[in-house]
Every structure is written in C-alpha cells, then in structure tokens.
Amino acid sequence: MHLSSWNRIVLAAASAGFGVSCAAAPATRPVTPSYDSFSGRLIQLSADQDGDGRVDQWTYLDGTRPLRGEKDSDGDGRIDRWEYFGTDGELVTVGTSTQTDGVEDTWTWVARVNGEGRVDVSTARDRHIDRHEYYAGDILARVEMDTNADGRIDRWDRYEDRVLREVQFDTTFQAVRADRRLLYDPQGRFLAAEADDDRDGRFERLSPATKVIPPGEPIK
Ligand SMILES: [Ca+2]
Ligand SMILES: [Ca+2]
Ligand SMILES: [Ca+2]
Ligand SMILES: [Ca+2]
C-alpha cells in the first residue's frame, strides 16, 4: 500500500470515525490497519488511544468508509461505546451499556428528527429493541413500547414537564393503535380511563363501574 493512499485513509477515518468518538485524542497515536486478505481492502483500524499499550479502539471499514466503531473508554477490557455510521460516513447511532458489562443495550441517535432526540433500548438486553424514548431537549417527552416483544408497538406514554400525563395501550397487541388510555393530571394523579372500542379515533370515558384502576392508585 502506498503511503499517500494510507494517509488519505487515516484522514478519512479521523474525520468520520475517530474524530467523532474521540475528538480530543492526540492524532499521533499509532493506528494499526488490517486488510482483507483476498481483496486487499482496508477492513479495520485499531488504536491505543490512551497510550497504555493496549488497543482500546476499533473501527471497521469498507475501504475508506467507516461502518462501525468500538471503544473501551475506561480501559477495563470491555467495550463500552459502539458507533454506527451511515452511507456518507456520518455517525448515526451510538451504542452504550447501562450495566457497563460489555453488553450493548442502548442506542442514541445523533441527529434529531423534528426536533426530537431518540434513544432506543433493549430492556431484556438481548438486542431486541422494545423501547423508544423521545426527548425534547434533554427532557423525556414520550415513550413507545413493545411490551410483548412481538415487534409491534403496543404502549405509548406521553410526558409534560417530566410528568406522565397519558398512557395509551393497544390491548389487541395487533392493531398498532391504542384502544385504551389512562389520563393523569399535571401532578401525575390518575384522572380517567378511556376506551375507543369502535376505533373511530375518539376515546370515550369508561363508566365508573368499569373504570380501570392503575396499579398503585387508591380505589375511590
Ligand atoms: Ca489503551
Ligand atoms: Ca470499558
Ligand atoms: Ca407488541
Ligand atoms: Ca370511539
């Protein structure tokens, strides 16, 4: 491999991958390239970013295009940051581990969509994403959940000023549309249960006799 093209690759990786994940890292740390033995294409860069003699950062590439990155930020030998790149080499999501045990269970989207930040969570930590959190600024605004892990959203929580104001459920677990909802006042106290059994998009107040009392609420 010619030095000139190698320099280009390092620069590309630095701007697209390493630069994002480790902007403060010195550019002089040695980076070790690995190539596909058949095609000769660059497939991996590894580096020791904190200079302790152990590799702690890996970027997987298709030639000059970064696909994925892994990093052991605290040097405990376990990956704690995963990076996923888009087709233009832009950082799309960053994976983290809530237990810092090397198991990736949370994915934060870098770009906001319609002003909302998004975090995906695998609550069972099995890489099946069953919870999507949406943020306005840094404040949780709403959550979508797949409570029975069938791949379809069946619960929607909505927050106002950090207070849970509404929980909607799809009790069929198939419609991907709510037919029950619980409403809460600005202090988070239970207000009412409503149903949309005829599925016209309008909720009707359930009668007191059939009122759903959520767990933990006193029965009045
Ligand atoms: Ca290191
Ligand atoms: Ca680590
Ligand atoms: Ca579901
Ligand atoms: Ca209705």
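**Entry 1: Gln 44**

I looked up the contacts of Gln 44 in this predicted model: leaving out residues up to four places away in sequence, Gln 44 touches Ser 34, Trp 58, Thr 59, Tyr 60 and Leu 61. I count two residues as in contact if their C-beta atoms, placed from the backbone, lie within 7 Å. Gln 44 sits in strand β2; strands (E, at least two residues) and helices (H or I, at least four) are DSSP runs, numbered from the N terminus. Gln 44 is partly exposed because it has 15 C-beta neighbours inside 10 Å. I apply the terms as follows: buried means 20 or more other C-beta atoms within 10 Å of the residue's own, exposed means 12 or fewer, and partly exposed lies in between, with C-beta atoms placed from the backbone. Between the C-alpha atoms of Gln 44 and Val 31, 13 residues apart along the chain, I find a separation of 9.9 Å.

**Entry 2: Conventions and confidence**

I number residues from 1 along each chain as its sequence is written, with chains lettered from A and ligands numbered from 1 in the order in which they are written. As the model is predicted, local features need pLDDT of at least 70 and side-chain atom pairs count only at pLDDT 80 or more, whereas totals for chains, interfaces and linings use all residues. The average pLDDT (the predictor's confidence in each residue, from 0 to 100) is 87 for the protein, and 81% of the residues score at least 70. Over residues 1-25 the pLDDT is below 50, and this stretch has 30 contacts in the model beyond near neighbours in sequence. Where pLDDT is low, the predicted coordinates should not be read in detail.

**Entry 3: Overall content and core**

I record 1 helix and 15 strands for the protein. Of its 220 residues, 15% are buried. The largest nonpolar core has 5 residues: Val 31, Leu 42, Leu 45, Ala 47 and Leu 61. Strand β2 (residues 42-47) gives the largest share of this core, 3 residues. Such a core is a set of buried Ala, Val, Leu, Ile, Met, Phe, Trp, Tyr and Cys residues joined through C-beta atoms within 7 Å.

Glu 83 stands opposite Val 94 in β6. The two strands, β5 and β6, form a hairpin with 5 residues between them, and Gly 89 in the turn has a positive phi of about 80 degrees. Gly 95 has Trp 107 in β7 as its bridge partner.

I then examined Thr 93 in strand β6. Thr 93 is partly exposed because 18 other C-beta atoms lie within 10 Å. Beyond its neighbours within four places in sequence, Thr 93 is in contact with Tyr 84, Trp 107, Thr 108, Trp 109 and Val 110.

Most residues other than glycine have a negative phi. I noted Arg 162, with a positive phi near 70 degrees, in the loop between β11 (155-160) and β12 (163-169). Arg 162 counts as exposed because it has 9 C-beta neighbours inside 10 Å. I also noted Phe 173, whose phi is positive and near 60 degrees, in the loop between β12 and β13 (180-184). With 15 C-beta neighbours inside 10 Å, Phe 173 counts as partly exposed.

Notes. Two strands pair if DSSP finds at least two bridges between them.
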